[in-house]
Amino acid sequence: MAMSGEREKLEAQLRQEEARLAQLSREKADARGRVDRLRADLTRLSGPDVLPPIASTESAGNMTPADKIALFRRLFRGRDDVYPRLWINAKKDKRGYSPACANELSAASARSPG
């Protein structure tokens with residue numbers, strides 16, 4: 001009989017700890033959403049050249065895929081005035097991309113005589 005009472009006690013403690021873990025997971029998800037919104041607001045207010053701070057506690061092991069994508073996009077944000085241009089070399093059957101600039105035409109016309 002003592003074993004049965006001890007087992008019930010352990011099962012109750014296990015259920016209590018599992019419920020606590022579920023609650024902590026919900027709290028973490030809520031906090032992550034607030035952090036993401038605050039970072040987005042900070043980026044919007046700071047302008048595109050200022051990166052929001054990255055928490056030192058973040059590591060790839062405890063980040064969701066969405067967090068990793070957001071981090072990548074924050075760190076490797078591109079310039080709006082430069083974009084890829086496809087080039088094709090028909091003789092060598094090669095293709096690739098080279099950087100192009102939005103003001104390329106105005107720069108070319110400034111260089112050409114005439």
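**Entry 1: ground rules**

I call a residue buried when its relative accessible area is under 20%, exposed when over 50%, and partly exposed in between, using a 1.4 Å probe and protein chains only. By that rule Asp67 is buried, with a relative accessible area of 10%.

I am working with a predicted model, where local features need pLDDT of at least 70, side-chain atom pairs count only at pLDDT 80 or more, and totals for chains, interfaces and linings use all residues. I number residues from 1 along each chain as its sequence is written, and side-chain values use heavy atoms, with hydrogens and water left out.

**Entry 2: Asp67 and helix 2**

I looked up where Asp67 sits and found this residue in helix 2, residues 65-75. Helices here are DSSP runs of H or I with at least four residues, strands are runs of E with at least two, and both are numbered from the N terminus.

Which residues of helix 2 are buried? I noted Asp67, Leu71 and Arg74. They lie on the same side of helix 2, because they cover an arc of only 65 degrees around the axis; the arc is taken from the directions from the helix axis to the C-beta atoms. On the other side of helix 2, I found Pro65, Ala66, Ile69, Phe72 and Arg73 exposed.

**Entry 3: who touches Asp67**

Leaving aside neighbours within four places in sequence, I see Asp67 in contact (heavy atoms within 4.5 Å) with Arg32 and Asp36.

**Entry 4: salt bridges**

I count a salt bridge when a side-chain nitrogen of Lys or Arg is within 4 Å of a carboxyl oxygen of Asp or Glu. By this rule I get two salt bridges.

One joins Arg32 and Asp67, with the closest N and O atoms 3.5 Å apart. This pair links distant parts of the chain, Arg32 in helix 1 and Asp67 in helix 2, 35 residues apart. I also noted that Arg32 is partly exposed, at 26% relative accessible area.

Arg7 forms a salt bridge with Glu11, and the closest N and O atoms are 3.1 Å apart. These two are four residues apart in helix 1 (residues 2-46), so about one helical turn separates Arg7 and Glu11. Arg7 is exposed at 55% relative accessible area, while Glu11 is partly exposed at 31%.

**Entry 5: strand 1**

Finally I looked up Ile88, which lies in strand 1, residues 82-89. Is Ile88 buried or exposed? I found Ile88 exposed, with a relative accessible area of 54%.
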